[in-house]
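User: I'm new to reading structures and could use a hand with this one. Can we go through it bit by bit?

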Amino acid sequence: MHEVIVVGAGPAGSAAATVLARAGRDVLLVDHTEFPRDKPCGDGMSPMVTTELEKLCVWDAVRAANFRIMHSVRYVSPNEHIIEALESRENEGRSFVAPRTRFDHILKEHATASGATFHLAHVTAPIVENGRVQGVVARKDQVEQELRAPVVIVADGNNSVLATTLRKQKHPPIHTVLAIKAYVRTTKEQPHSILLHFLKEVLPGYAWIFPVSSDLVNVGVGTTMVRNRQLRRPLRAILDDFLQLPYVREQFGEATMVTKPQAWMLNLACMDFSRVFPGAILVGDAGAFINSATGAGVASALTTGRLAGEVTHAALHSKAMLDEGLRDFDQRWKQELESRFNQACLVRRLFLGRTWPINWFIERSHHHPHLRRILAEWIIRFS
Ligand SMILES: Cc1cc2nc3c(=O)[nH]c(=O)nc-3n(C[C@H](O)[C@H](O)[C@H](O)COP(=O)(O)OP(=O)(O)OC[C@H]3O[C@@H](n4cnc5c(N)ncnc54)[C@H](O)[C@@H]3O)c2cc1C
């Protein structure tokens, strides 16, 4: 019996486990994959991520890994107008591109160094007794085991078995994105700049180029499930064509895809539902905390993991009122994230679904520095 079980050692789970372990709680961090492990992602980390890493006291370790710092964002409109928005001075050095294999390993190691116990096992179901979650059923070396704790923090990502069981439904396709990504080796030196191309075919989605190092880029394309069903060809073909665009070829020189493209789903934060169940809290992708304008989720995974850790630590002080205490989580995440999520949903619906507003805004930004500043802030606000 532990005080808390955290399922999933990605950014959300590692953040929750770190907070709880640092507060002296007995926390078991369960993941079915040995670390380091990869997670399909664009690898783009905004200043919001950095702020969370500072709160978790892991920023020094991340900075020491020398991930590639970004200084600007280049936006490409559907009619291929390109503008560059420079990062503001106060955010200098706080945006970077970090391959998840290394980034997540640092976070997970920080959680265990803080006192969390890592347990390698595949979680298959919650243990629900008397209407509340009392632990999880897990499989290790083909042997089923019961792991028990009065609180379970559910951080097992987008395909969460536990979240689906507790919510009694999957996230609806209208608020789900399908994205595909790969790593490409280039012969030309890459800029310290990420690029988003609002390709007409995939709106309200986009294609991206995020440089991981001087000659390696993370490239991908994503769109909503609804739009994906209307497409006449697979995302892979759209990604291949994107890589052949003249300005992309110019940036890359000779390009070699060094990994097989991986497809993955993203659950957007566009629905109001409680992330708290008696004995359990959903965080990160398992709780559908992905920003719907950008598809970014690492910052909110860290925020919701941290908040779940804080709320759980406080709730454990009063065993009689435990579930009451856990309910604070819904209030806390709303205070920190809800207005941003609502704005992002509005931007996606009103702005990103059609070509003309994006063409208009990006063309205009060419001559108006204050519009470029809005674009620089945009990527931060919605990350
Ligand atoms: C193609 C793509 C591009 C993206 N690009 C960006 C980007 O550039 N920037 C950004 O901020 N966000 C991006 N995102 C979103 C980001 O990847 C997620 O929001 C983030 O990984 C969420 O972290 P998490 O800890 O909630 O879940 P995850 O990182 O998915 O971690 C979940 C963990 O749970 C474990 N697990 C799963 N099931 C079980 C089980 N049954 N038993 C035990 N363990 C289990 C997994 O092994 C994993 O370690 C992107 C997503 C995709 C798909």
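User: Let's start with one proline: in which loop does Pro-36 lie?

Analyst: Quick heads-up: this is a predicted model, in which local features need pLDDT of at least 70, side-chain atom pairs count only at pLDDT 80 or more, and totals for chains, interfaces and linings use all residues. Residues are numbered from 1 along each chain as its sequence is written. Helices (H or I, at least four residues) and strands (E, at least two) are DSSP runs, numbered from the N terminus. With those names in hand, Pro-36 sits in the loop between strand 2 and strand 3.

User: Is Asp-43 buried or exposed?

Analyst: Asp-43 lies in the loop between strand 2 and strand 3. Its phi is positive, about 70 degrees, although Asp-43 is not a glycine. A residue is buried if 20 or more other C-beta atoms (placed from the backbone) lie within 10 Å of its own, exposed if 12 or fewer, and partly exposed in between. Asp-43 has 27 other C-beta atoms within 10 Å, so it counts as buried.

User: And Asn-66, is that one buried or exposed?

Analyst: Asn-66 is in the loop between helix 3 (59-64) and strand 4. Its phi is positive too, near 55 degrees, and Asn-66 is not a glycine. With 10 other C-beta atoms within 10 Å, Asn-66 is exposed.

User: How many residues of helix 1 are buried?

Analyst: Helix 1 has 12 residues and reaches 16 Å from its first C-alpha to its last, close to the 16 Å expected at 1.5 Å a residue (the expected span is 1.5 Å times one less than the number of residues). Its buried residues include Gly-13, Val-19 and Leu-20. The cover over them includes strand 1 (4-7), helix 4 (100-113) and strand 12 (151-154). Helix 1 is mostly covered, and the buried count out of its 12 residues is 11.

User: Which residue just after helix 1 has a positive phi?

Analyst: The spot to check comes just after helix 1, where phi is about 90 degrees. The residue there is Gly-24.

User: What is the strand order of the open sheet of 3 strands?

Analyst: Two strands pair if DSSP finds at least two bridges between them. Strand 3 (44-45) and strand 4 (68-69) each pair on one side only, so by that definition they are the edge strands. Strand 4 and strand 7 (residues 96-97) run antiparallel and are joined by 2 bridges, with Arg-68 having Val-97 as its bridge partner. The order in this antiparallel sheet is 3-7-4.

User: How many bridges join strand 10 to strand 11?

Analyst: Strand 10 (residues 132-140) and strand 11 (residues 143-148) run antiparallel, and Lys-140 stands opposite Val-143. Their hairpin has 2 residues between the strands, and Asp-141 takes a positive phi near 50 degrees there. The number of bridges joining strand 10 to strand 11 is 6.

User: How far apart are the C-alpha centres of domain 1 and domain 2?

Analyst: The domain bounds come from an automatic or database assignment, which gives domain 1 (4-68 + 96-171 + 269-348) and domain 2 (174-266 + 352-381). In all, 22 residues of domain 1 are in contact with 24 residues of domain 2 (contact means C-beta atoms, placed from the backbone, within 7 Å). On domain 1's side, helix 2 (47-55) and helix 11 (328-352) give two or more residues each. The two C-alpha centres lie apart by 28 Å.

User: Last one: how many residues surround the ligand?

Analyst: Gly-10, Gly-42, Gly-157, Gly-284 and Gly-297 are the closest, and elements giving two or more residues include helix 1 (11-22) and helix 9 (298-315). Domain 1 and domain 2 each supply at least three residues. The number of residues surrounding the ligand is 40.

Terms used: A residue is near a molecule or strand if its C-beta atom, placed from the backbone, lies within 6 Å of it. Two residues are in contact if their C-beta atoms, placed from the backbone, lie within 7 Å.
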